[in-house]
Amino acid sequence: MGDRPALQVYDTTLRDGAQQEGLHLTVQDKIAIARHLDELGVGFIEGGWPGANPRDTEFFAGARDLRLSNAVLTAFGATRKAGGQAHSDPQVRALLDSGAPAITLVAKAHTRHVEQALRTTLPENLAMIRDTVTFLVGEGRRVFLDAEHFFDGYELDRDYALEAVRAAVESGAEVVALCDTNGGMLPARIADVVDDVTRSTGAPLGIHCHNDTGCAVANSLAAVDAGAVQVQGTVNGYGERTGNADLLTIISNLQLKLDRPVVADAQLAAASRISHSISEITNITPYGRQPYVGSSAFAHKAGLHASALKVDPDLYQHADPSSVGNRMRTLVSDMAGRASIELRARELGLDLSGQGEVQSRIVALVKDLELRGWTFDAADASFELLLRREVTGEPISYCDVESWRVIAEARGDGGAVSEATVKLRAGGRRLVATGEGNGPVNALDEGLRTALAGVYPEIDGVELVDYKVRILDSAHGSDAVTRVLIEMADDNQSWTTVGVAANIVEASWMALLDGLTYGLHSAGIPVR
């Protein structure tokens, strides 16, 4: 294995990932994400397309003061226009003006795209590649080339696709990334093509996959196995349509499964935290079942699993969760047995071994509550609060609630607003606060936070990110029992709490109070 070439990790979250529907990044967002990517240890960070849109031009201007420890900032752009010259092409000049030490050019390797999209000739397209790469290398830039639609173009005209690769490498490009732009390839064919291109051209190749067949990560690994020396992707698989290859999954698989270390162990151990932090910046709810770094990636529910996990966690886990900064979780539900309770308590630092009576009592309580509509496998934070209360005999409480109420008011403009009044005691004081919102839950959240903020200013770091309602017995119509799940997050983690009641607002209040309580407790904030 010692003769294998070094493998470059190239991140395109800030450019290709930002094309995801509903994802909008400010310049400051992009700079913050770049810092996280550098902490992860990626080799290259593609910052965007300077000259193509003002935001990316502004990003590169702001990034001049960005001190990166691991990554090389890379600008993305196109080869010169047909019939022109690279040195005078405005977009090529904008790439130089960005100040980025590395530049990735996108070019066509597909004959129909050359003739129909670029509206130029096949020889001129090759000249565009040669001229632009030669010019930028001559200006002291490291140059990569993304061969767009390469695999489709290879199937249509192999010889021309190979000529495009040769043109780039012979002109000084360090790596030619083969792009599955439409995302329609499968791993076996990816491997065959990468192997053929490597043998035919001798070019250092990269791989850039989209996930339209659900195979982006597998395709990327197949390309690496076939000889690719650079792998491109995005954090959390962001990207247009169904997304790009998830770089966190790729890195974890390379490092933990294929013995291809590409980042330091300490950097890999930050993967879960970095995934979550970038989710916070993008305002896209983390995907719980994301491989390696998702909150459910190492979660176990069945009682049989829990019994085995007590003996040896490796029996039901493919990797050590701590290697990616994640943790094993034992989910508790009506399927739980005493082993599940004991194991979950152990994860929380509570030793229930030999306390069969306590375990049985908690099992019976969980089964009874779930029969009435509660769900603890989906609301781990609420279960932790319940468990600590049952074990210690004292609930975790940051306030004593005196009362709350909500008023909804319809206005003349056709809109409606809710106002909540919250009365409680905390920090030795009686606190009364009001909150306004576009609905009763929003108003309650604002009122509760306002009341607690004077005693617990740390509450400002807790954000409500998701709210779900389910009617449990729809046959009862509008008086049915309602279950509310609320997800909250801070800079380090997210958690979910549950409330169940016939009144939807009451169920929401239960979940809200649990969510803020858990947030303060998990942050180590003492009761005042």
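A crossing is left-handed if the near helix is turned anticlockwise from the far one by less than a right angle, and right-handed if clockwise. In this predicted model, the crossing of α8 and α9 is right-handed.

This is a predicted model, with local features needing pLDDT of at least 70, side-chain atom pairs counting only at pLDDT 80 or more, and totals for chains, interfaces and linings using all residues. Residues are numbered from 1 along each chain as its sequence is written, and side-chain values use heavy atoms, without hydrogens and water.

**Helix pair**

The axes of α8 (residues 187-201) and α9 (residues 216-225) come within 8 Å and cross at roughly 30°. That makes α8 roughly parallel to α9 (angles under 35 degrees). Axes are lines fitted to C-alpha atoms, for helices over the stretch in contact, and angles run from 0 to 180 degrees between N-to-C directions. Helices are DSSP runs (H or I, at least four residues), strands likewise (E, at least two), numbered from the N terminus.

P187, I190, A191 and V194 of α8 meet A218, N219, A222 and A223 of α9 (heavy atoms within 4.5 Å).

**Residue classes**

Ala, Val, Leu, Ile, Met, Phe, Trp, Tyr, Cys and Pro count as nonpolar, Asp, Glu, Lys and Arg as charged, and the others, Gly among them, as polar.

| Site | Nonpolar | Polar | Charged |
|---|---|---|---|
| Contact of α8 with α9 | 7 nonpolar residues | 1 polar residue | no charged residues |
| Lining of the second largest pocket | 17 nonpolar residues | 3 polar residues | 3 charged residues |

**Pocket lining**

In the second largest pocket, the largest share of the lining, 7 residues, comes from α18.

Methods:
Parallel < 35°, antiparallel > 145°, perpendicular 65-115°, else oblique.
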